[in-house]
Amino acid sequence: MRSADGAAGGTRVSRADQADHRRAELLEAARRVVLERGISSTRVADIAKATNVSGGLIHYHFATKDDLITAMLRTTIDGEVGRLRELIQEPGTATDRLDRVLRYYIPRSRADQSWLLWIDAFAAGLREAVVQEILLELESGWIGTLEQVISSGVDTGEFVCEDPRGAAERIDGMLDGLIIRYTLHPSVLSRRRLLEHARIAAAREVGIDRSAFPSS
């Protein structure tokens with residue numbers, strides 16, 4: 001039996017729920033198309049084709065391509081920063097939390113979709129102000145979380161660092177550069193070596209020995 005709104009079994013599905021579901025589908029499609037074509041080369045027509053809907057339907061939910069891309073990137077940020085915050089709430093020493101953050105930030109492989117997306121966004125951000133704003137949100141979330149971990153370690157006496165914010169910014173900048181190198185030049189830098197660089201740099205910043213981190 002169907003209810004008056006057409007939902008099976010009498011379960012009501014509101015228009016708002018349907019709209020949210022459609023928006024989520026469009027955001028996921030936008031992510032797939034951007035990974036394939038790049039932010040600058042992606043058109044609304046490409047996303048419409050990928051989801052087998054009309055461009056008009058996309059514009060019903062997102063007024064412009066910039067609105068759609070912004071929403072897609074922000075959704076990605078919310079997920080990643082949310083996961084970072086979960087990691088630093090898990091039990092362990094400040095060193096444990098710092099290492100978890102470093103391992104999470106570093107891509108699992110050169111095909112890591114999240115990092116491919118952000119590397120493309122870095123390039124697009126040179127010319128697109130809306131992407132610049134999104135990238136600033138991402139950097140602020142990452143640096144803020146890293147600063148929180150370092151400050152907590154200082155408060156407990158585990159770390160020695162006079163400028164946790166500066167340390168977080170330096171670690172962030174170093175990792176961004178190395179991760180781009182790791183992604184673009186497979187024969188030059190392995191993930192294992194990248195993680196080792198990150199641990200050595202982080203240890204120096206917070207006044208501990210490298211041996212405080214895991215050996216692998």
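How much space lies in the largest pocket? In this predicted model, the volume comes to about 310 Å³. Rolling a probe the size of a water molecule over the atoms shows where empty space is left.

The lining of the largest pocket is made up of 18 residues. Those nearest the centre of the pocket are Glu80, Tyr104, Tyr105, Ser114 and Trp115. Two or more lining residues come from each of α4 (65–89), α5 (94–105), α6 (113–124) and α7 (129–155). Of these, α7 gives the largest share, with four residues. Sorted by class, the lining holds 10 nonpolar residues, six charged ones and two polar ones.

The helix α7 also packs against another part of the chain. Two packed helices are described by the angle between their axes and the distance between the axes. For α7 and helix α8 (residues 164–184), the axes come within 8 Å and cross at roughly 130°. An angle over 145 degrees would count as roughly antiparallel, and 65 to 115 as roughly perpendicular, so α7 is oblique to α8. The crossing in which α7 passes α8 is right-handed.

A separate local feature belongs to the loop between α2 (44–51) and α3 (55–61), where Asn52 is placed. Most residues other than glycine have a negative phi. Asn52 is not a glycine, yet its phi is positive, near 60°. Is Asn52 buried or exposed? Its relative accessibility is 71%, and the cut-off for exposed is over 50%, so Asn52 counts as exposed.

Notes. Residues are numbered from 1 along each chain as its sequence is written. This is a predicted model: local features need pLDDT of at least 70, side-chain atom pairs count only at pLDDT 80 or more; totals for chains, interfaces and linings use all residues. Side-chain values use heavy atoms; hydrogens and water are left out. On a 1 Å grid over the protein atoms alone, a cavity is a set of points where a 1.4 Å probe fits but cannot get out, and a pocket is an open set with protein on both sides within 12 Å along at least five of seven lines; lining residues have an atom within 4 Å of a point. Grid points are joined across faces, edges and corners, and a volume is the space filled by probe spheres set on the points. Ala, Val, Leu, Ile, Met, Phe, Trp, Tyr, Cys and Pro count as nonpolar, Asp, Glu, Lys and Arg as charged, and the others, Gly among them, as polar. Buried means under 20% relative accessible area, exposed over 50%, partly exposed in between (1.4 Å probe, protein chains only). Axes are lines fitted to C-alpha atoms, for helices over the stretch in contact, and angles run from 0 to 180 degrees between N-to-C directions. Angles under 35 degrees count as roughly parallel, over 145 as roughly antiparallel, 65 to 115 as roughly perpendicular and the rest as oblique. A crossing is left-handed if the near helix is turned anticlockwise from the far one by less than a right angle, and right-handed if clockwise.
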